[in-house]
Amino acid sequence: MPNIIEVKKLVKNFNEIEAVKNISFNVKKGEAFAFLGPNGAGKTTTIRMLTTLLVPTSGEVILDGSNVLENPNEVRNSFGIIFQDPSLDTELTAYENMEIHAVMYGLQKILYKRRIEELMKLVDLWDRKNDLVKNFSGGMKRRLEIARGLLHHPKVLFLDEPTLGLDPQTRNNMWTHIKALREKEGLSVFFTTHYMEEAERNADRIAVIDHGKIVAEGSPDDLKKKTNTKSLEDAFLALTGKQIRDEGAENGASRMARRWKH
Amino acid sequence: MKNLKIIYILWLRQLKRYVRSKSRMIGSLGQPILFLVALGFGFGPIYAKAGGGNYMQFLAPGVMCMSILFTSIFSGIEIIWDRQFGYLKETLVAPVSRIYIMIGRTLGGATVAMIQGLVVFTLTFFVGFRPISLTMLPVAFLAMFLIALFFTALGTAIGSRLDDMQGFQIIINFLVMPLFFLSGALFPIDGLPKALEIVTRLDPLSYGVDALRGTLSGAAHFGVGFDLTIISILVLIVMFIGAKMFSKIEV
């Protein structure tokens, strides 16, 4: 199986703070890969570098055969992303949000009209298509983002804590759909989550990152065997320790770094 | 073709956002009306006594410029909102050269500011302002659009460098206000103290005000052709800088 994502010696420093310290890993085509780690471990920073939003300090990222730094637009065509925090235009309707996305990804009108209807029905928002997004609940917004991320039929889907704040029904619905897409189109999935049972259920392979370094990699069973534990949650705690981390340290650091840069 | 569609849909986005925020539309008319009524009628008699002629004819183009200035800078700086509410990320991961995104939103913002300018233009009729010739109106509208374009691109360039709303007040007080008050929108440039005259000449808005006054009231200080050339050059420069800044955004 060829690799859809290749990460080689990736480093990101925000001034003196080393957010990501020389990590390397591969994700195979069609695989569901979970990227787990405590708060501030470097997960979101890594995703931002993989998705062209942040320039790495050093290292290389190849996504679907294209170098993220050299051919950002080719790379952007081949992935979809569901961000950790909201990314909708709340002053527009649900349909308008979908339509702008479709146009930016170069889809033809006949095609995107059909796909938008399909996807919005799938996430159960079709009858609300002309409502302004600001009137949506958190779960509805999340569902819309998921539909939007799939609109251009990406080869890799990045999901940064996609199910945060979703009820079990919506969570289940989302994963069922992603599973179907994986089977039908060979979609690869790269996701982060704090719900270990979600990782266990949906990931073929897991990498655990802590303090900017990958501390373990393998299937859920591998990790349990390696740590001699019964559940992934215990394996995770055995690997990363029980100390509570500074919430959002990673974001704080990068934001501060950006402010200094100006 | 794809790029044109992108520019169009982002232009449309700005317009929709504007049309939907009724409070913003109405709120932004308060200030121009106040300026027209208080200054126009307040200083009118003195201005006439000093031999300046009809002050409303002089002031109205300045107030139109003010309205365009404020609306377009705000439209540009709206990027901060997009950043805050997360929508910026969605546009930045799209497989589109960022320059088209910048152009689309700048044209949209400029169109909104232009509409605002036209609304104020209509309002000036009610306080007694009359354009001198109808044939010059298209030139006046072109000048309006260029002013709008310049300041929207400037706002975009600034907004690209700001992380949050903290810097917003500084921009209003140290950029937008001086740009307006030092532009000759409220007073004639002839016979100013030398230092102030130099500052006025350095203010890009001065040329916008002058172009509008030339085309609408028939009294340009620098000459309409000169004004339009200067603004056009400035538009190109600031679009270039704005596009550069925008393409460097990291979120």
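Colleague: How many residues of chain B are in contact with chain A, and with how many residues of chain A?
Modeller: This is a predicted model, so the contacts are those of the prediction. Two residues are in contact if their C-beta atoms lie within 7 Å. On that basis the count is 23 residues of chain B with 27 residues of chain A.

Colleague: Which helix of chain B supplies the largest share of the side that touches chain A?
Modeller: Helix 1 and helix 5 (87-92) of chain B each give at least two residues to that side. By class, the side of chain B that touches chain A holds 10 nonpolar, two polar and 11 charged residues. The largest share, eight residues, comes from helix 1 of chain B.

Colleague: At what angle do helix 1 and helix 6 of chain B pack?
Modeller: Helix 1 covers residues 2-20 of chain B and helix 6 covers residues 98-126. Helix 1 of chain B passes helix 6 of chain B in a right-handed crossing. Their axes are 7 Å apart, and the angle is about 35°.

Colleague: What classes of residue make the contact of helix 1 of chain B with helix 6 of chain B?
Modeller: From helix 1 of chain B the contact includes B:Ile6, B:Leu10, B:Trp11 and B:Arg13. From helix 6 of chain B it includes B:Tyr100, B:Gly104, B:Arg105 and B:Val112. By class, the contact has 11 nonpolar, six polar and two charged residues.

Colleague: How many helices and strands does chain A have, and what is its radius of gyration?
Modeller: The secondary structure of chain A comes to 10 helices and 10 strands. The globule rule gives 18 Å for 262 residues, and chain A is close to that, so it is as compact as a globular protein of that length. The C-alpha trace of chain A spans about 50 × 45 × 40 Å along its principal axes. The radius of gyration of chain A is 18 Å.

Colleague: What percentage of the residues of chain A count as buried?
Modeller: A residue is buried if 20 or more other C-beta atoms lie within 10 Å of its own. Applied to the 262 residues of chain A, the share is 43%.

Colleague: What is the strand order of the open sheet of six strands in chain A?
Modeller: The pairing in this sheet is mixed, and the twist averages 15° from one strand to the next. Strand 6 (79-82) and strand 10 (213-218) of chain A each have a single partner strand, so one side of each is left without a neighbour in the sheet. The order is 6-7-8-3-9-10.

Colleague: Which residue stands opposite A:Phe35?
Modeller: Strand 3 (residues 32-36) and strand 8 (residues 188-192) of chain A run parallel and are joined by four bridges. The residue opposite A:Phe35 is in strand 8 of chain A. That residue is A:Thr192.

Colleague: Which strands of chain A does helix 1 of chain A touch?
Modeller: Helix 1 (residues 43-50) of chain A packs on the sheet, and its direction makes about 150° with that of strand 7 of chain A. The strands touched are strand 3, strand 7, strand 8 and strand 9 (205-210) of chain A.

Colleague: What is the phi of A:His153?
Modeller: Most residues other than glycine have a negative phi. A:His153 is not a glycine, yet its phi is positive. A:His153 lies in the loop between helix 5 (138-150) and strand 7 (156-160) of chain A. Its phi is about 50°.

Terms used: Residues numbered from 1 in each chain as written. Chains lettered and ligands numbered in written order. Predicted model: local features only at pLDDT ≥ 70, side-chain atom pairs only at ≥ 80, totals over all residues. Axes fitted to C-alpha atoms, helices over the stretch in contact; angles between N-to-C directions. Left-handed = near helix turned anticlockwise from the far one by under 90°. Nonpolar A, V, L, I, M, F, W, Y, C, P; charged D, E, K, R; others polar. Rg over C-alpha atoms; globule rule 2.2 N^0.38 Å. Buried ≥ 20, exposed ≤ 12 C-beta atoms within 10 Å, placed from the backbone. Pairing = 2+ DSSP bridges.
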